[in-house]
Amino acid sequence: MSEKGLTTIHLKKINRAKVYHYIYRKKRTSKLQIVQELQMGLSTVSQNLNLLEEEGLIERNGYFASTGGRKAQAIQIVPDFRLSIGLGILKNMLHITAVDLYGNALYTDTISLPYSHTAAYYEQVAGKIKEFIEKKKYEEQKILGISIATQGIISSDNTMVTYGKIMNNTGMQLKDFSKYLPYPCHLEHDSKSAACLELWNHPELDSAIILLLNRNLGGAVITNRQIHQGSAMHSGSIEHMCMNPDGPLCYCKNRGCLETYCSANALEHACGLSIKEFFPLLRENKSPQLTQIWKDYLKHLAFAIKNLNLVIDAPIILSGYLAPYITEEDIGYLLTQINSSSPFPLDKEQLLTGIHGQYTPAIGAALFYIEQFLKSI
Ligand SMILES: [Zn+2]
């Protein structure tokens, strides 16, 4: 093909992408607005809109209120044109979600299924995923892929768990799952998946520290909107920061790790209640003992946050299972604790909480395929 021909094709692709991404960002727009904002000719915009509509990527739905002339048609992307399935694998259960092109979790589900490094387990997981897709009546071509968030450090090529002391899944491979699934599959460390979701939800952030307050604690460091992986993939493993060398024994065989004070498991252990029972009782404010346990929890968390903020001067995001339970008052208490012993005070705006609770890793993992798809347009 001639050079001119190639350039024309390239230009067409660029225009198509510009129009699509503009509509995506605006959520709801009109042809005239696209023409004006992108400074593109009316016929080019019309052509691209027709093309995108034929492909099923956008839809015209309703009208804007008239400003005198003809009412403008409202244009939007089709959010479920493609979907990504996210999975969060835990010791005794798995979380599953379907995420649309805006990163919304359309469905979430928890399935009770104890982990074991056996073919039977992986086949069962694949069966549950297929069942989920079938039940929701998603057509096969809509599914971009299955992205799996697991506990444990994974290899730099995302194919295998290299350190999995919690679930005992060292050596677990992506292909253990993918061989039973007719979709592209991807494997991620759950803390990193959580960080992906928080990045998605906070487009204004350049850097951040994520504390994943799950049954087991996790963490991630974000700089320049990238998750820091590290030489051996364990950057951000905040859970093993030592709080007290004579403290309780951690699953990593060391003592007094942050995990032993600030994981949801540690909190349940301290109060003798499940998380679901603990918080309503705590908020009734009738038990000094529960109040003390929660204060101790927050004190340890504040101690860790203070130290982390000295290393990376950036907002801290409390994410995962416990995050939705944290109140304004708790944030105030944390800030008082942090700022009573730090040379550099942390502002209220620098301490954020996630909103997706226990589904954070599954939703974050699913974003892998959504981001890939959006980049491909
Ligand atoms: Zn540890």
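**Salt bridges**

Modeller: Asp330 and Arg283 join their side chains in a salt bridge, at 2.7 Å from N to O; the term stands for a side-chain nitrogen of Lys or Arg within 4 Å of a carboxyl oxygen of Asp or Glu. This pair links distant parts of the chain, 47 residues apart, with Asp330 in helix H11 (residues 328-339) and Arg283 in helix H9 (residues 275-284). Helices (H or I, at least four residues) and strands (E, at least two) are DSSP runs, numbered from the N terminus. Asp330 is buried at 5% relative accessibility, while Arg283 is partly exposed at 36%. Buried means under 20% relative accessible area, exposed over 50%, and partly exposed in between (1.4 Å probe, protein chains only).

The model is predicted: local features need pLDDT of at least 70, side-chain atom pairs count only at pLDDT 80 or more, and totals for chains, interfaces and linings use all residues. Residues are numbered from 1 along each chain as its sequence is written, and side-chain values use heavy atoms, leaving out hydrogens and water.

By the salt-bridge rule, the count is six. Among them is the pair of Glu55 and Arg16, at 2.8 Å from N to O. Glu55 belongs to helix H3 (residues 42-55) and Arg16 to helix H1 (residues 3-26), so this contact ties together parts 39 residues apart in sequence. Glu55 is partly exposed at 37% relative accessibility, whereas Arg16 is buried at 16%.

Lys142 and Asp80 also form a salt bridge, at 3.8 Å from N to O. Lys142 is in the loop between helix H4 (119-135) and strand E6 (143-150), and Asp80 in the loop between strand E2 (73-77) and strand E3 (83-89), so the pair ties together parts 62 residues apart in sequence. Lys142 is buried at 19%; Asp80 is partly exposed at 34%.
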